[in-house]
Amino acid sequence: MIKFQLNGKQTEFNGDPSTPLLWVIRDEKKLTGTKYGCGIAQCGACTVHLNGSTLRSCVTPISEVSGKEVTTIEGLLSSKVSAEATAVQRAWVAIDVPQCGYCQSGQVMSAVALLKANSNPTDQDIDNAMAGNICRCATYQRIRQGIHDAAGTLTASASSNVKGETA
Amino acid sequence: MTSSSSVNTSRRRFLGGSCLVVGFTLTPKGLAQAYDASNNASKSAAKTLNAFVIVAPDDTVTVLSKHIEFGQGPYTGLATLVAEEMDADWAQIRVDSAPADNELYANTMFGAQLTGGSTTMANSYTQMREAGATARTMLLAAAAIEWSVPASELTVEKGRIRHAKSGKESGFGAFAADAAKLTPPEKVTLKNSSDFVLIGENRPKVDTKVKTNGEAKFTLDLQLDNMLIATVLHPSHYGATVSSLDAKAALAIPGVVDVKAVPSGVAVYAENTYAALKGRQALNVKWNESAAETRSSEQIIDSYRAMIGKKGITATERGDISKAFSNDTSTTHEAEFVFPFLAHAPMEPLDAVLMRQRDGSIDCYAGSQFPTGDKQAISEVCQIDAGKVRIHTQLAGGSFGRRAQFNSPFMREASEVFKASGMSRPVKLFWTREDDIRGGFYRPIYVHQLKGAINADGTIDGWDQVVVGQSIRGKTDEVDETSVEGASDLPYVIENMRMVSHNTTNGVPPLWWRSVGHTHTAFTVEVFLDELLEKSGKDPIEGRLALLKNNPRESAVLRRVAQMASSAGKPAKGRVHGVAVHKSFSSYVAQIAEVSVQADGTPKVHKVWVAVDCGVAVNPNIIKAQMEGGVGYGLGAILYDEITLGEGGYIKQSNFHDYRSLRIGEMPEVIVEIIESNESPTGVGEPGVPPIGPAVANAWRRLTGKPVRRLPLVRSQLS
């Protein structure tokens with residue numbers, strides 16, 4: 001039996017330990033926000049957070065997450081990166097980033113992890129951090145803009161917190 | 001623009017719960033199907049009725065979309081039209097997919113229910129506005145009776161019905177039940193465009209939020225009780241069939257339930273996805289390749305070349321082409337262009353869920369682009385009356401043409417897999433990325449040959465073009481418009497012009513790929529013309545404008561894009577602009593690409609300016625998004641993508657590592673302007689794609705001196 005934390009709750013998996021985390025999340029845990037896109041870590045649609053960093057769940061055997069903390073798109077707003085998640089999702093909605101939307105869970109997971117590590121990324125930082133996430137609709141221009149906008153709101157809220165105001 | 005329109009007299013109305021449903025061609029058959037569909041537990045009964053507008057007691061207005069949503073924006077666009085004419089508040093609008101029914105939900109440009117050819121807005125613009133106006137009229141009539149006031153004294157604003165004299169006010173919901181009992185008006189008056197409140201605004205999309213937080217459900221996400229997951233092992237040579245099957249090892253894998261041969265390969269059924277995948281991998285199958293395509297891409301291309309010069313089918317001819325090329329004082333120019341197979345590679349690979357109900361009827365959940373065709377396919381394969389098949393069209397993770405298949409080959413496979421399972425449990429058939437990339441139905445290989453003549457005074461007066469390639473529509477002895485569209489209707493004034501087409505056959509089935517024939521014709525026309533203009537010493541913009549004197553809309557987008565690029569100032573050192581203009585699906589798009597050569601010798605596209613004329617801009621936000629996406633989708637393909645058949649005909653590529661997609665660092669900045677227009681709205685899903693290839697290739701040639709003759713550009717230019 002493999003035990004791990006999923007979106008803040010202890011959970012377990014009793015099946016084949018080589019099962020990719022993606023299929024455990026989707027088939028067993030019924031959390032379908034995390035998508036299948038390629039199965040070989042080329043497209044990023046399956047991106048989740050493992051202890052706060054991005055992870056391609058399609059190539060990660062469930063045995064490797066034993067005792068660790070996995071966050072999916074469904075658990076993002078109640079996780080340690082909730083401020084970044086809120087900022088990213090608001091920015092995404094404000095400028096209508098998604099088209100078909102299938103890759104966007106993965107895009108959001110990568111964008112949130114980027115902002116957690118780098119609160120004011122340049123275009124180059126964004127290109128580097130998001131290079132593993134394919135969007136066949138090519139919403140990339142709005143993804144880049146969304147990350148900049150989210151960074152802006154995070155910076156504004158951080159500075160207002162310093163001043164003792166409510167963000 | 002004010003238009004009065006007569007509503008189809010065959011319309012009916014009926015009450016479903018306490019909802020008002022307005023439709024135009026509701027027939028008794030349609031009603032019967034609506035009632036059948038009402039046992040769909042995942043939706044309330046009110047939402048599955050055959051109509052366009054549903055008003056619920058809580059004031060929500062649900063618009064049923066006859067078109068599939070896969071990112072191009074019909075849910076938002078069609079709802080905008082209804083809401084506009086109802087004077088609804090945007091916040092009360094909901095959208096759901098319509099069931100499969102050709103009588104109720106046909107695309108009026110094709111006569112069957114389908115999404116394609118960038119026609120969603122064009123074929124729905126009047127229909128959906130009439131649906132909204134009819135609903136409004138009926139709600140007002142009901143309110144007038146209830147309040148005992150003349151309907152003419154009522155006003156509606158943001159979903160609130162008001163009678164000023166009496167001070168009475170209400171939402172729509174209170175009158176939905178009574179309105180549904182009234183006879184719909186014979187005629188409705190549509191708004192004058194100057195009174196539009198919602199049309200023309202940057203309306204946020206209705207499906208954005210759920211596509212941001214993981215809540216949006218696609219077919220792959222559906223999980224029915226007791227459902228089996230199925231995968232099919234397909235051959236590596238397209239068209240091969242199973243000659244022997246040993247399933248012992250597969251069946252030994254925990255979770256694998258069954259293995260069955262199906263016409264397209266071998267199906268593995270399992271309790272979960274991983275077991276299905278492992279089971280598929282453990283299959284031992286020998287294939288019979290006698291019916292498979294065994295030629296390589298190079299052999300196919302050579303065979304196409306050999307057809308040039310032979311007698312083909314004349315798609316268009318004007319003037320005297322032989323005279324133009326026999327003039328001793330003229331200069332001639334020739335070029336051959338070669339285009340590879342392209343896979344569509346939507347992010348969500350093909351999938352479908354099929355389930356048989358106790359009464360023997362079948363529910364199908366899929367990203368169904370031709371839903372009535374899919375319904376027919378299920379009916380035929382599972383041997384069940386089509387009236388007992390319900391299609392529940394889901395949000396789809398892209399298509400780019402892949403889900404739009406006549407005769408529904410994918411749904412036939414899904415049905416065969418379902419039937420072979422015994423149909424006692426729900427089955428989800430799921431394609432992996434490998435199935436998708438190797439699944440055929442590609443944008444075909446095309447070879448074009450062009451000859452141009454420039455006479456002594458520098459006028460281009462001869463244009464002779466030949467295209468060789470698979471006919472997407474299965475034509476043999478007649479022109480397939482999808483092979484020549486965008487070239488045979490050359491907008492440039494060239495006195496002597498001819499286009500000849502050769503239809504070929506191939507073991508790998510063809511399919512339309514976002515912008516269809518324009519994916520290659522626009523490239524040939526705009527690249528070759530650019531070269532002729534350069535050879536005759538003309539400016540690429542002014543030279544085009546001079547030849548477009550009879551085409552004001554092409555000229556207008558070209559002028560606009562030139563202004564946009566020039567107002568941005570001179571390009572930085574090492575960067576060059578390339579231009580292209582192209583009409584497709586009745587929309588006009590001009591693009592200027594700013595390109596440089598990177599240190600590794602590959603092109604870098606920095607910026608793309610886009611001017612688009614698609615008639616009335618219903619939602620500029622969506623139009624811009626489609627232009628941005630069209631540029632990115634087209635750019636990835638022309639720079640990197642090809643499906644190649646290797647020696648013996650096997651498909652070389654298998655996944656995103658060898659079938660490249662544009663990535664974020666390769667996405668140019670895209671700046672879009674929309675030409676103001678009162679013309680009827682036309683498509684935006686595809687027209688952004690065709691100009692990007694030639695615009696980049698023209699910049700590349702001006703930058704490096706190397707003309708682009710074969711796609712993808714990076715391989716042909718750097719190998």
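**A domain contact and its surroundings**

Modeller: Glu69(A) and Lys80(A) form a salt bridge, with 3.7 Å between the closest N and O atoms (a side-chain nitrogen of Lys or Arg within 4 Å of a carboxyl oxygen of Asp or Glu). The model is predicted, so that local features need pLDDT of at least 70 and side-chain atom pairs pLDDT 80 or more, while totals for chains, interfaces and linings use all residues; side-chain values use heavy atoms, without hydrogens and water. Residues are numbered from 1 along each chain as its sequence is written, and chains are lettered from A and ligands numbered from 1 in the order in which they are written.

Chain A divides into domain 1 (2-75) and domain 2 (77-159), with bounds from an automatic or database domain assignment. Over C-alpha atoms, the centres of these two domains of chain A are 21 Å apart. Domain 1 of chain A puts 18 residues into the contact and domain 2 of chain A puts in 17 (heavy atoms within 4.5 Å). About 1400 Å² is buried between domain 1 and domain 2 of chain A, 54% of it from carbon and sulfur atoms (accessible area, 1.4 Å probe, that two parts lose on being put together, summed over both). On the domain 1 side of chain A, the residues that lose the most area to domain 2 are His49(A), Ile73(A) and Gly75(A), together 34% of what that side buries.

Across this interface of domain 1 and domain 2 of chain A there is 1 salt bridge. The interface of domain 1 and domain 2 of chain A also has 9 residue pairs in polar contact, both residues at pLDDT 80 or more (N or O atoms within 3.5 Å; within protein, one able to donate a hydrogen and the other to accept it, and residues adjacent in sequence counting only if both atoms are side-chain atoms). Strands E3 (47-50), E4 (53-56) and E5 (69-71) of chain A each give two or more residues to the domain 1 side that touches domain 2 of chain A (strands are DSSP runs of E, at least two residues; helices are H or I, at least four; both are numbered from the N terminus). E3(A) has the largest share of that side, 3 residues. By class, the domain 1 side of chain A has 5 nonpolar, 10 polar and 3 charged residues (Ala, Val, Leu, Ile, Met, Phe, Trp, Tyr, Cys and Pro count as nonpolar, Asp, Glu, Lys and Arg as charged, and the others, Gly among them, as polar).

Chain A also meets chain B: 49 residues of chain A are in contact with 61 residues of chain B. The two chains bury about 4400 Å² between them, with 53% on carbon and sulfur atoms. There are 4 salt bridges between chain A and chain B. Arg26(A) and Asp221(B) join their side chains in a salt bridge, N to O 2.8 Å. Between chain A and chain B, 30 residue pairs are in polar contact, both at pLDDT 80 or more. Helices H1 (21-28), H2 (82-94), H3 (104-117), H4 (123-130) and H5 (140-162) of chain A each give two or more residues to the side that touches chain B. Of these, H5(A) gives the most, 5 residues. That side of chain A has 23 nonpolar, 14 polar and 12 charged residues.
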